[in-house]
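Subject: Structure for you to look at

Hello,

Here is the structure I said I would pass on. Please open it first and then read the notes below it.

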Amino acid sequence: MPVMQPLTQAAPLTDEVTTQLRIAILNGTFAPGEKIRQADVARQLGVSRGPVREALRSLIAEGLVQDEPRRGTFVTTLTPDDVREIFDVRVALEVRAAQLVIANGNTEATVADMSKALDDMEDGLRSGDQQQVEAADVAFHAAHVAGSANQRLIRLYAMHSDPVRQLLRMDNRQLLRSAEGDRRSGGGLIEEHRAILAELQLGAAGDVAKVVTDHIEDARDRLIRLLGTGP
């Protein structure tokens with residue numbers, strides 16, 4: 001059973017349990033396919049089973065866990081089809097976000113935020129801090145979408161952020177651990193993100209759409225191969 005710390009914050013109890021479970025799933029404390037035992041979670045967090053049960057309902061709605069009748073609740077295991085669907089959504093939202101950044105004249109501020117995230121990613125790579133790399137990758141793409149200033153698009157992206165974070169973590173760790181990763185982690189991973197920044201700065205919507213699409217689809221294909229059923 002993964003270990004979590006007892007709750008100490010004053011936030012609404014169910015919300016805090018939901019947050020702690022979400023973090024544990026996204027950082028890999030709970031592995032895909034692992035059973036989440038309500039009694040164990042309640043004991044570790046120092047709460048009753050009621051808030052844990054409500055938290056799991058929220059996470060089922062988010063797609064992070066799934067309930068199997070007469071078996072229990074398990075961390076969702078993403079399939080190749082899930083990966084394709086999630087990354088199709090990413091392409092649609094992030095390409096449109098890039099177009100809006102340029103159309104709205106918001107390039108300078110957006111590139112500044114994305115550049116800061118990229119600097120953090122490079123720092124994480126140099127220090128071997130995988131969690132920093134993953135957090136910076138998420139921040140890079142979130143800043144890109146936020147720069148669109150389209151609140152509905154931003155909310156749609158946020159709705160898909162948890163499975164995207166799961167997949168980014170898998171992709172980055174695979175790159176850093178594999179032979180391909182040895183060559184790419186300090187160069188290719190950063191260069192793919194630099195290419196997006198460069199095209200945003202040039203302001204050619206068609207070119208930035210291609211670079212964003214290629215970046216996302218490359219990650220999609222790596223993940224599908226990682227799951228063992230490449231296209």
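A helix axis here is a line fitted to C-alpha atoms over the stretch in contact, and the angle between two axes runs from 0 to 180 degrees between their N-to-C directions. Please keep in mind that this is a predicted model.

Helix packing

With that definition, take α6 and α10 (residues 188-202): their axes lie 12 Å apart, at an angle of about 15°. Angles under 35 degrees count as roughly parallel, so α6 is roughly parallel to α10. The crossing of these two helices, α6 and α10, is left-handed.

Next, α10 and α11. Their axes cross at roughly 160° and come within 8 Å. Angles over 145 degrees count as roughly antiparallel, and therefore α10 is roughly antiparallel to α11. Where α10 passes α11, the crossing is again a left-handed one.

The cavity

Rolling a probe the size of a water molecule over the atoms shows where empty space is left. How many cavities of 30 Å³ or more does the structure hold? There is one. The largest cavity has about 50 Å³ of space. Twelve residues line the largest cavity, and Asp137, Leu168, Asp171, His215 and Ala219 are the closest to its centre.

The largest pocket holds about 240 Å³ of space. Eleven residues line the largest pocket, and those nearest its centre are Leu26, Asn27, Gln131, Glu134 and Arg165. Two or more lining residues come from each of α1 (13-26), α6 (130-146) and α8 (161-177). The lining of the largest pocket consists of five nonpolar, four charged and two polar residues.

Why does the largest pocket lie between domain 1 and domain 2? Domain 1 (10-75) and domain 2 (80-229) both give residues to its lining, so the largest pocket lies between them.

Regards

Methods
Residues numbered from 1 in each chain as written. Predicted model: local features only at pLDDT ≥ 70, side-chain atom pairs only at ≥ 80, totals over all residues. Heavy atoms only, no water. 1 Å grid on protein atoms, 1.4 Å probe; cavity = no way out; pocket = protein on both sides within 12 Å on 5 of 7 lines; lining within 4 Å. Points joined across faces, edges and corners; volume = space filled by probe spheres on them. Helix = DSSP H or I, 4+ residues; strand = E, 2+ residues; numbered from the N terminus. Nonpolar A, V, L, I, M, F, W, Y, C, P; charged D, E, K, R; others polar. Domains from an automatic or database assignment. Parallel < 35°, antiparallel > 145°, perpendicular 65-115°, else oblique. Left-handed = near helix turned anticlockwise from the far one by under 90°.
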